[in-house]
Amino acid sequence: VITKSVSWSNIVGRNTIVEYTITYYNSGNDAITGVQIIDTPDSGFVLLNSGIPPYSFISGDSYVWNIWYLGTGESGSINLTFQLDPSVETNTNICNSVSIDGSWTELTPWNNTYFACVLVTGSTLLIEKTLTSSGPFNAWDIVTYEIYYANTSSGTITEVEIVDDSN
């Protein structure tokens, strides 16, 4: 099983730094060998940090990690940091795919590839509000949110006011 998540909003501006987390897991009944994680970003992504562990080698446009062995129930993760090329067209979906492969007979191949995409906008100011407390909630319970904002352009934005109307 492999998944990939993006660090924050899936709507980003040009030149934005985007962080991905790749998570892999052996959900089978046997240990697997010859495991490779293959990450293939679309053009428009510029790799800034190749993760820990660093990739084993590059194959074409893909970064490859040799994990070699993954026991039953074992998992791991890889963090990657990319920057969007400032020349990427606005209103474009840029995707990054990841897959897991190896020398085993796969019974559920549908969960071995995952795509994470971002929409590149012309906007320079992004904002995201995320619920950080968990429910269910009762009347008068405290509910907390995290508000994330970012200037995704190379210029300065002034006189920004963030208003949260929770009514």
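# Reading contacts, core and rings in a predicted model

Modeller: Setting aside neighbours within four places in sequence, Thr 81 is in contact with Ile 17, Val 18, Glu 19, Val 46, Leu 47, Leu 48 and Asn 49. Contact here means heavy atoms within 4.5 Å.

Biologist: What kind of model is this, and how are its residues numbered?

Modeller: This is a predicted model, in which local features need pLDDT of at least 70 and side-chain atom pairs count only at pLDDT 80 or more, while totals for chains, interfaces and linings use all residues. Residues are numbered from 1 along each chain as its sequence is written, and side-chain values use heavy atoms, with hydrogens and water left out.

Biologist: In which element is Thr 81 placed, and is Thr 81 buried or exposed?

Modeller: Two terms come first. Helices (H or I, at least four residues) and strands (E, at least two) are DSSP runs, numbered from the N terminus. Buried means under 20% relative accessible area, exposed means over 50%, and partly exposed is in between, with a 1.4 Å probe and protein chains only. Thr 81 is in strand S8, and its 15% relative accessibility counts as buried.

Biologist: How many helices and strands does the protein chain have?

Modeller: The protein chain has zero helices and twelve strands. Its C-alpha atoms fill a box of roughly 55 × 50 × 25 Å along the principal axes. Of the contacts between residues at least 6 apart in sequence, 71% join residues at least 24 apart.

Biologist: Which residues have the most contacts inside the largest nonpolar core?

Modeller: A nonpolar core is a set of buried Ala, Val, Leu, Ile, Met, Phe, Trp, Tyr and Cys residues joined through side-chain atoms within 4.5 Å. The largest one has 26 residues, and Tyr 24, Ile 37, Leu 84 and Val 118 have the most contacts inside it. At least two residues of this core come from each of strands S3 (17–25), S4 (32–41), S7 (62–70), S8 (75–84), S9 (92–101) and S10 (113–121).

Biologist: How many disulfides does a search of the whole structure find, and which cysteines are joined?

Modeller: A disulfide is a pair of cysteine sulfur atoms within 2.5 Å. The search finds one disulfide. The disulfide joins Cys 95 to Cys 117, S to S 2.0 Å. Cys 95 is in strand S9 and Cys 117 in strand S10, so the pair links distant parts of the chain, 22 residues apart. The angle about the S-S bond is 100°, and the link of Cys 95 and Cys 117 is right-handed. Cys 95 counts as buried at 17% relative accessibility, whereas Cys 117 counts as partly exposed at 27%.

Biologist: What describes a pair of aromatic rings?

Modeller: The distance of the centres and the angle of the planes describe such a pair. Rings of Phe, Tyr and Trp (its six-membered ring) pair if their centres lie within 6.5 Å; planes under 30 degrees apart count as stacked, over 60 as edge-to-face and the rest as tilted. The whole structure has five aromatic pairs. One of them is Tyr 20 with Phe 45, which is edge-to-face because the ring centres are 5.9 Å apart and the planes are at 75°. Tyr 20 is in strand S3 and Phe 45 in strand S5 (residues 45–49), 25 residues apart. Phe 45 also forms a tilted pair with Phe 82, with 5.2 Å centre to centre and 55° between the planes. Phe 82 lies in strand S8, so this pair ties together parts that are 37 residues apart in sequence.

Biologist: Which residues do the ring pairs link into a cluster?

Modeller: The cluster is made of Tyr 20, Phe 45 and Phe 82. Tyr 20 and Phe 45 are both buried, and Phe 82 is buried as well.

Biologist: Over the face of which ring does Lys 129 lie?

Modeller: A charge sits over a ring if NZ of Lys or CZ of Arg is within 6 Å of the ring centre and within 35 degrees of the ring normal. Lys 129 lies over the face of Tyr 145, 4.3 Å from the ring centre.

Biologist: Where is Asn 91 placed, and where does Trp 140 lie?

Modeller: Asn 91 is in the loop between S8 and S9. Trp 140 lies in the loop between strand S11 (125–131) and strand S12 (145–151). Neither is a glycine, yet Asn 91 has a positive phi of about 60° and Trp 140 one of about 75°. Asn 91 is exposed at 63% relative accessible area, and Trp 140 counts as exposed at 87% relative accessibility.
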